[in-house]
Amino acid sequence: MKTVEISGQQRADAIASIQRYFEENISEPIGNLPAGLLLNFFLEEIGPAIYNQAITDAQARIQLQISDLGGELYTDEFQYWPRADAKRKTRR
C-alpha cells in the first residue's frame, strides 16, 4: 500500500492551517502536537482515497489524450506533388 507523504514544509503549513481552522471555526485553540496527530490521521485514513481519485483522474485525462492521438498528430501522406502543383498554378 502506498502511503501519502508530504514534505516538511507542507507538513508545517498543514499543521498551521489545522490550528487556524480550529481557532476560527471551533473557537478553541489546538496545540502543535494534537494538530500533527490529526494531520497524521488524515494522511493515513483519508489520504489514500484522495490519492486514488487523483490517479483515476490522471488516467482518464491521459486516456482521452491517447484516444485522440490520431486526430491530434495525423498528417496527410504524399502531399509533395499536390503542393508543388498548387504552387505552379499560383505562379502562372
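Colleague: Where does Ile46 lie?
Modeller: Ile46 is in the loop between α2 (32-45) and α3 (47-67). Keep in mind that this is a predicted model.

Colleague: Okay, and is Ile46 buried or partly exposed?
Modeller: Partly exposed, because its relative accessibility is 38%.

Colleague: Which residues make the nonpolar surface patch?
Modeller: Phe41, Phe42, Ile46 and Ile50 make that patch. Its area is about 380 Å².

Colleague: Let's zoom out. How many helices and strands does the protein have?
Modeller: Five helices and zero strands. Read from the N terminus, the order of elements is α-α-α-α-α.

Colleague: What's the radius of gyration, and what would a compact globule of 92 residues have?
Modeller: The protein has 28 Å, while a compact globule of 92 residues would be near 12 Å.

Colleague: And what box do the C-alpha atoms fill?
Modeller: Roughly 85 × 30 × 25 Å, if you take it along the principal axes.

Colleague: What share of the residues is buried?
Modeller: Buried residues are 12% of the 92 in the protein.

Colleague: How about the accessible surface, what does that come to?
Modeller: About 8200 Å² for the protein. Carbon and sulfur atoms account for 55% of that surface.

Colleague: Switching to charges: how many positive and negative ones are there?
Modeller: There are 10 positive and 13 negative charges. The mean position of the positive set and that of the negative set are 25 Å apart.

Colleague: Back to single residues. Where is Ile18 found?
Modeller: Ile18 is in helix α1, which covers residues 8-26.

Colleague: Why does Ile18 count as buried?
Modeller: Because its relative accessibility is 11%, and buried means under 20%.

Colleague: How far is Ile18 from Gly8, C-alpha to C-alpha?
Modeller: Their C-alpha atoms are separated by 15 Å, and the two residues are ten apart along the chain.

Colleague: Last one, Thr3. Where is that?
Modeller: Thr3 is in the segment before α1. Thr3 counts as partly exposed, because its relative accessible area is 46%.

Technical notes. Residues are numbered from 1 along each chain as its sequence is written. This is a predicted model: local features need pLDDT of at least 70, side-chain atom pairs count only at pLDDT 80 or more; totals for chains, interfaces and linings use all residues. Side-chain values use heavy atoms; hydrogens and water are left out. Patches are made of residues with over 30% relative accessible area and no salt bridge: like charges are joined within 9 Å, nonpolar side chains (Val, Leu, Ile, Met, Phe, Trp, Tyr) within 5 Å. Accessible areas come from the Shrake-Rupley method with a 1.4 Å probe; for residues, only the protein chains shown count as cover. A salt bridge is a side-chain nitrogen of Lys or Arg within 4 Å of a carboxyl oxygen of Asp or Glu. Helices (H or I, at least four residues) and strands (E, at least two) are DSSP runs, numbered from the N terminus. Buried means under 20% relative accessible area, exposed over 50%, partly exposed in between (1.4 Å probe, protein chains only). The radius of gyration is taken over C-alpha atoms; the globule rule is 2.2 Å times the number of residues to the power 0.38. Lys and Arg count as positive and Asp and Glu as negative; His and the chain ends are not counted. The place of a charge is taken as NZ of Lys, CZ of Arg, CG of Asp or CD of Glu.
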